Amino acid sequence: MADPKKEGFLTYAYILLYIALSSGQIFFNKWVLSSKEINFPYPLGLTLLHMIFSSVLCFVLTKVLKIMKVEEGMTHEIYVSSVMPIGAMFAMTLWLGNTAYLYISVAFAQMLKAIMPVAVFVLGVAVGLETMSCKMLLIMSLISFGVLVASYGEININWVGVVYQMGGVVGEALRLIFMEIFVKRKGLKLNPISVMYYVSPCSAICLFLPWIFLEKPKMDEHGPWNFPPVLLILNCLCTFALNLSVFLVITHTSALTIRVAGVVKDWVVVLVSALLFADTKLTMINLFGYGIAIAGVAAYNNYKLKKEATHVSPNDSPNASEHGESSHRLESQPLTRR
């Protein structure tokens, strides 16, 4: 019989690990992209490295060492019709989101990401996955108002960075919508490791093509490539570790826990980034607006969890009810959603 105290300790340890890795990866990416010492202002190239590293490591862990298992049931038709669009949107999300760090602060980028539920809901209504209601309209308005207030309070706003970040938000929203359609129509549920195994190679290909035309010529202009390989490999390894931490949290906790941890992580990123980066200057209007937006996000999460609970049949197992949605979410961050 499992020791409840030990299980509780492990649960908190996994959550703290996820928050630390997720926050740390955002700071790490910002530092790599903006540091004059490293001189690697290539967000597309960095994201491509992440995807290649993730693809290779997933293959080694699942097919060579067989430490982890890939869910069965994937067919060529499902891969082409479902996984490829998801991979393309994932690539777009990470590329645009990382590019935004070249123009805006980490804190402000995080505040803009709070608009995500609005984008997901609007697209969900458009494709028939969501239903408009007065309650949801109120929640979406609250989130939108909070993000607008936070943006109004931004001292050094850069609209190029805002456009990149909002493009990343749209890409992430489309990815989540495709995931929902993927699960509902195909009936195939994948854990995060399986999603990484199938999606990462596709995302790498989607990133490689624009990298050849957009960033490779710039990199060649600076002469022989002498970027720090150890540092870049460590950055890729941290990204993969983040995805593994998401797998651990989802496996040992509930959908509610991962969402609460995500909100805590967002606040940690906003506050800590003000101490780490010179381009981050928080104002009371920033924090007030972000607080409103996060309250709306919390209300949205609560609404979605209640809705999911009503769709769980009495015969479903406890694990199925807890991890129903989480089993097919790819946290990303980002790579998860950085």
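The model is predicted. The protein chain contains 13 helices and zero strands, so that, reading from the N terminus, its elements run α-α-α-α-α-α-α-α-α-α-α-α-α. Of the 338 residues in the protein chain, 50% count as buried, and the accessible surface amounts to about 16100 Å², with 70% of that surface belonging to carbon and sulfur atoms.

**Helix 2 against helix 3**

- Helix 2 (43-64) and helix 3 (residues 76-100) pack with their axes 8 Å apart and at an angle of about 135°.
- Because angles over 145 degrees would be needed to count as roughly antiparallel and 65 to 115 degrees count as roughly perpendicular, helix 2 and helix 3 are classed as oblique to each other.
- Helix 2 passes helix 3 in a crossing that is right-handed.
- On the side of helix 2, the residues that make the contact are P43, L44, T47 and M51, and these meet F90, L94, W95, N98 and T99 in helix 3; by class, the residues of this contact divide into six nonpolar, three polar and no charged.

**The loop between helix 2 and helix 3**

- K66 is located in the loop that joins helix 2 to helix 3, and with a relative accessibility of 63% this lysine counts as exposed.
- The backbone at K66 has a phi near 55°, which is a positive value in a residue other than glycine.
- Most residues other than glycine have a negative phi.

**Helix 3 against helix 8**

- Helix 3 also packs against helix 8 (residues 192-214), where the two axes come within 8 Å and cross at roughly 55°.
- Helix 3 and helix 8 are therefore oblique to each other, and their crossing is right-handed.
- Helix 3 contributes Y79, V83, M84, I86, G87, A88, F90, A91 and W95 to this contact, while helix 8 contributes Y198, V199, C202, S203, C206, L207, P210 and L214.
- Sorted by class, the residues of the contact of helix 3 with helix 8 comprise 15 nonpolar, two polar and no charged.
- F90 and W95 of helix 3 take part in the contact with helix 8 and are also among the residues of helix 3 that meet helix 2.

**Helix 4 and Q110**

- Helix 4 (residues 106-113) is mostly covered, since eight of its eight residues are buried; these are V106, A107, F108, A109, Q110, M111, L112 and K113.
- Q110, which is found in helix 4, has a relative accessibility of 2% and therefore counts as buried, given that the cut-off for buried is under 20%.
- When neighbours within four places in sequence are left aside, Q110 is in contact with I26, K265, D266, V269, V270 and Y290.

**Helix 5 against helix 6**

- Helix 5 (residues 116-126) and helix 6 (residues 134-152) pack with their axes 9 Å apart, at an angle of about 140°.
- These two helices, helix 5 and helix 6, are therefore oblique to each other, and helix 5 passes helix 6 in a left-handed crossing.
- The contact brings P117, V118 and F121 in helix 5 together with M136, M140, I143 and S144 in helix 6; by class, it has six nonpolar, one polar and no charged residues.
- The buried residues of helix 5 are M116, P117, V118, A119, V120, F121 and G124, and P117, V118 and F121 are the residues of helix 5 that meet helix 6.
- Just after helix 5, G128 adopts a positive phi of about 85°.

**Residues separated along the chain**

- E180 has its place in helix 7 (residues 159-186), and at 26% relative accessibility E180 counts as partly exposed.
- The C-alpha atoms of E180 and G124 are separated by 9.3 Å, although the two residues are 56 residues apart along the chain; G124 is one of the buried residues of helix 5.
- L138 is found in helix 6, and with a relative accessible area of 61% L138 is exposed.
- The C-alpha atom of L138 is separated by 8.8 Å from that of G296, a residue 158 residues apart from L138 along the chain.

How values were computed:
Residues numbered from 1 in each chain as written. Predicted model: local features only at pLDDT ≥ 70, side-chain atom pairs only at ≥ 80, totals over all residues. Heavy atoms only, no water. Axes fitted to C-alpha atoms, helices over the stretch in contact; angles between N-to-C directions. Helix = DSSP H or I, 4+ residues; strand = E, 2+ residues; numbered from the N terminus. Parallel < 35°, antiparallel > 145°, perpendicular 65-115°, else oblique. Left-handed = near helix turned anticlockwise from the far one by under 90°. Contact = heavy atoms within 4.5 Å. Nonpolar A, V, L, I, M, F, W, Y, C, P; charged D, E, K, R; others polar. Buried < 20%, exposed > 50% of the residue type's maximum accessible area, 1.4 Å probe, protein only. Areas by Shrake-Rupley, 256 points an atom, 1.4 Å probe, with all protein chains shown as cover.
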